[in-house]
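Welcome! Have the model open and try each exercise yourself before you read its solution.

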Amino acid sequence: MSVKVVVANENKTILAEKNSFLLDILVKNGISILAPCGKNGKCGKCKVKLLSGRVGGENPDENGMIKSCKAYLTEDIIIELSHTNHNKINISDNAKSPIETTEFGVALDIGTTTIAALLVDLKDGKAYKKATCFNPQCGYGADVLSRITACSNGNLKNLQDLIVNKINDILNIFSNNGETNIKELTVAANTTMLHILLGVDPTPMGSYPFSPTFTDFKKIKGESLGISVKNITVLPSVSAFIGADITAGILATDIHKSKENVLFVDVGTNGEIVLKYNSKLFAASTAAGPALEGASMECGVSGVSGAINRVFLRGGKFGFTTIDNATAKGICGSGYVDLIALLLKEDLIDKYGGWNYSSNSCLVSKLIDDRFYLTEDVFLSKGDISEFQLAKAAIMAGIKSLINYCNVDIKDITQLYLVGGMGYYINPKNAAIVGLLPFELAYKSSAEENTALLGAKLCLLSENSLKETTKIATYTKVVELSFLENFQKEYTNNLFFKL
C-alpha cells in the first residue's frame, strides 16, 4: 500500500510504501538530508517539520519537528524541510562561457561530505566553471564507516545511484543541457567513495584487515555507470584509508619531489597524514570523526552560507564572521577552532574541557546552562567540546606518531601543507592552541584549498600526471598507527588541552 509524502517547500510529491522510514524515502528521491549519526536518532539533524498527517515512531516536538530517521509512514503527510540548500549545486564562473565546439573535460573530487568539480578546456587547461554541493550520501552517515555499514545493510545500489545522479546533474549544468561537449571525467576520492561510485562492495574495508577490492586506476566508459560522459578515469589509491584524493593531493603539491622534510595533513573526518622524509613517502590515516567538519556538533554545519567561520575578541568585544555574511545558522570547523581557542585563552574552558564559571573574562555572561551562546540560537555545548577533543587528539596523535615512526626531529620538518575543505580555512595558530597541530609546525604551514581537485585536473590534462599518481600510490608506505606502541599514549595525552 502506498502513501503520499508532500514536501511543501520543494513542491514535490513522493509515492512511498507504507511503513517506510521517511529519511530513506527522501534520500532515495534526491532530497539531501544530513544524518551524521548514521540514522541512530542521536544527532537530530535530519529533522523535518510535520505540517499535516501523522507518522509512526516519532511524536512532533513543540515546533512540529520530527526525526526523519525514526519516523515511518502510516498515512499521507505534508512536511517542510529545514535546510533546502543541501540539494543546491553552487556554480561559480572562472572565465567567460566556453566555445561550444571545444572539447571539455571535468575534474571531480568526491568527498565524504562535499563534491567539487571543474569544467576544463582539454586544449589549453583553462577552468571555466566550478561546482560544489553536498554529497547526497550524507543521509547514510557522516563518515566512511557509516557508508560502509549502509552498504553491508543492502544499500550499495542506493548510494551509487545517489552519487551517479548528482554527477549527472553537475555535468548537465556544465554542458548547458548538452550544448557543451564534455568528453572526459577524472575522479579523485577516498577509497570508499570510489568503490561505491563503481558499484563495488566496500564492506571488506569495514573490518580488519581493511582490504579494498581495488586500488589501481580505472578507465571505464561513462555509459557503464549511467554517467553522461564518454570516458571516466578513476585515480589510484594507496590503501583502504589512503585514497585517490591523497595521491592527487601529493601530485598537486609536488611533495614527492621535495628534497626537504615535508608534512601533508588533510584535516577532516578521516585525517590523512603524509610525511616526505629521506626521499620516501610515509602515509597514515586517523579516524578523527565528523566533529571537525561540524557534523557531530549540536550547532555544527559544513561550509555553507551562514556558517560561522571566524570567531574573535577585539577591544573587549566578541565577534564572528559568517560565510557570505549571511545570518548565522551554525558553526563550521574553522569556527570551532577559533571559538575553542578563544575560550581557552579567556580561561572559560579548563584543561579537561569543562566550563570555568569563575573566569574573569568579559565573555562569562555568554555561558548559560552549560552552553556558550554566540547568538540566541547558536551555541557551543560541553558535549561539543568533548567531541572536538576526541577529533583533535586523533589528528595530533597521528602527526606525532608518524613523525616518531620515521625518527624525524619535528624541528627538521620545513613545511606543513594543510589541505582539504577545513584545513584550508583554519587558523594555524589557533589550531596549535587547541592541540590540533604542533606549535613547532603552525608557523610553517601553507594552506591549499582543494589539492585533490587540482590533482584530478592535472591528470585530466596529462597522461604523464596519471602515470605519476600511479607511482605515488605504489611507492607510498602505509603506516598503521594502531600497531604503533606510542599511538594510544599520544592519543590519550592529547585529549586534554594544554593551558
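## Exercise 1: a residue in helix H2

Decide whether Gln-160 is buried or exposed.

Solution. Gln-160 has 12% relative accessibility, so it counts as buried. The cut-offs are under 20% relative accessible area for buried, over 50% for exposed and partly exposed in between, with a 1.4 Å probe and protein chains only. Next, find its place: Gln-160 belongs to helix H2, residues 144-174. Helices (H or I, at least four residues) and strands (E, at least two) are DSSP runs numbered from the N terminus. Finally, list its contacts, meaning heavy atoms within 4.5 Å. Apart from neighbours within four places in sequence, Gln-160 touches Ile-196, Leu-197, Leu-198, Gly-199 and Leu-225.

A note on the source: this is a predicted model, where local features need pLDDT of at least 70, side-chain atom pairs count only at pLDDT 80 or more, and totals for chains, interfaces and linings use all residues. Residues are numbered from 1 along each chain as its sequence is written, and side-chain values use heavy atoms, leaving out hydrogens and water.

## Exercise 2: an exposed residue

Find where Tyr-208 is placed.

Solution. Tyr-208 sits in the loop between helix H3 (191-197) and strand E13 (218-221). At 61% relative accessibility, Tyr-208 counts as exposed.
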